[in-house]
Amino acid sequence: MQFTAAFAPQSSASLMEAPRQVSAPRRLRFLGVEGYDVYNISTPFSFGGRTYIAGRVEKRENELSFVRLFEQSGEDEYTAVFPKLSFQRLQDPFVTKVQDDIVLGGVQIVTHPLDDHRIISWQTLFFKGKTPEELKLFAVGPSCMKDIRLCELADGRIAVLTRPQGKKGGKGKIGFTVLERLKDLCADTILDAPIDPSYFLPEEWGGANEIHLLKNGLLGVAGHIACRTAEGLHYRSMAFALDPATGMHSPLRILACRSDISSAPASKRPDLMDVLFTGGVVRHGNGLATLYTGVSDCESWRADIPDPFAAFEE
């Protein structure tokens with residue numbers, strides 16, 4: 001497939017009209033955190049011959065979450081490990097590798113000093129280390145910005161996707177920049193990333209959740225697109241390719257919606273029933289992939305899909 005840049009946003013409703021192929025959805029089980037939900041997970045990653053997932057751990061009745069690492073202990077089963085490695089007040093973790101380091105990030109919430117259940121701000125924290133147990137904080141994103149994602153390019157530079165809101169980003173837009181080195185990552189360089197208005201309509205929003213470096217140097221991005229109606233929030237998993245040389249991206253494509261994954265009524269709140277928060281995709285090299293996603297802010301699932309990036313490598 002030839003890379004074709006998108007110059008205008010499409011509504012999530014129009015993107016939903018395109019056919020999707022989602023099969024064999026399976027709910028993931030998490031052991032060792034009984035009484036808590038685990039959702040908005042990372043994709044699985046390997047270290048020392050073992051497979052891990054980072055997950056947001058939370059009581060159903062509040063958002064005072066923490067992040068734990070879970071080791072795969074069976075088919076679609078993960079068990080909490082590294083008991084001393086618990087990232088308090090952190091949400092929506094993501095994991096990537098830069099050179100020889102594991103990089104784990106997540107959104108740290110800040111609550112009101114007189115009301116611990118009232119979230120008043122948030123910021124993305126970045127930790128790195130040679131092993132999970134050596135993860136140390138090395139960078140902090142701007143206040144009130146989620147969905148900042150990193151990817152090491154072939155030349156060692158660092159591609160960064162951002163998602164400002166408010167005066168600069170409205171409900172949430174995607175920005176892109178390339179840093180010379182990981183140590184340049186900070187609130188200022190993230191805020192300086194140019195914003196592309198061709199991703200989302202003004203009344204909708206979205207963000208990147210995971211970045212893949214493709215064989216030809218393009219970036220394959222798995223993310224989400226969202227809107228609100230009278231029925232509540234609607235978050236769909238989507239994907240696109242991005243040319244790091246120009247910052248241009250391909251048209252967005254919906255990978256899955258909530259009804260493609262699960263018909264179960266589980267949801268943190270009624271207005272979150274139609275929510276998928278993408279973790280990312282695992283590519284299998286044969287034209288197929290596995291989508292990992294949070295569901296309705298209370299569960300984690302995976303499902304089989306066609307590899308959304310294979311065509312861009314042909």
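## Largest pocket

In this predicted model, 26 residues line the largest pocket, and those nearest its centre are Glu63, Lys146, Leu233, Tyr235 and Asp297. Several strands contribute two or more residues each to this lining: β9 (90-98), β10 (101-112), β11 (115-129), β18 (219-229), β19 (232-242) and β21 (274-283).

The space in the largest pocket comes to about 700 Å³. Sorted by class, its lining has twelve charged residues, ten nonpolar residues and four polar residues.

## Second largest pocket

The second largest pocket holds about 420 Å³ of space. Its lining is made up of 20 residues, and Thr43, Val95, Thr96, Glu210 and Ile211 are the closest to the centre.

Which elements each supply at least two residues of this lining? They are β9, β13 (149-152), β17 (205-213) and β21. By class, the lining of the second largest pocket divides into nine nonpolar, six polar and five charged residues.

## The cavity

The count of cavities of 30 Å³ or more is one. The volume of the largest cavity is about 40 Å³. Arg20, Gln21, Arg253, Ile254, Leu255, Ile305 and Pro306 form its lining.

The largest share comes from β20, with three residues. Four residues of the lining are nonpolar, two are charged and one is polar.

## Cysteines

How many disulfides does the structure hold? The number is zero. A disulfide here requires two cysteine sulfur atoms within 2.5 Å. For cysteine 186, the nearest cysteine sulfur belongs to cysteine 144 and is 17 Å away, and cysteine 186 is in no disulfide. Cysteine 298 is likewise in no disulfide, and its nearest cysteine sulfur, that of cysteine 257, lies 16 Å away.

Is cysteine 298 buried or exposed? Cysteine 298 counts as buried because its relative accessibility is 3%, and the cut-off for buried is under 20%. Cysteine 186 has a relative accessible area of 31%, so this residue is partly exposed.

Methods: Residues are numbered from 1 along each chain as its sequence is written. This is a predicted model: local features need pLDDT of at least 70, side-chain atom pairs count only at pLDDT 80 or more; totals for chains, interfaces and linings use all residues. Side-chain values use heavy atoms; hydrogens and water are left out. On a 1 Å grid over the protein atoms alone, a cavity is a set of points where a 1.4 Å probe fits but cannot get out, and a pocket is an open set with protein on both sides within 12 Å along at least five of seven lines; lining residues have an atom within 4 Å of a point. Grid points are joined across faces, edges and corners, and a volume is the space filled by probe spheres set on the points. Helices (H or I, at least four residues) and strands (E, at least two) are DSSP runs, numbered from the N terminus. Ala, Val, Leu, Ile, Met, Phe, Trp, Tyr, Cys and Pro count as nonpolar, Asp, Glu, Lys and Arg as charged, and the others, Gly among them, as polar. Buried means under 20% relative accessible area, exposed over 50%, partly exposed in between (1.4 Å probe, protein chains only).
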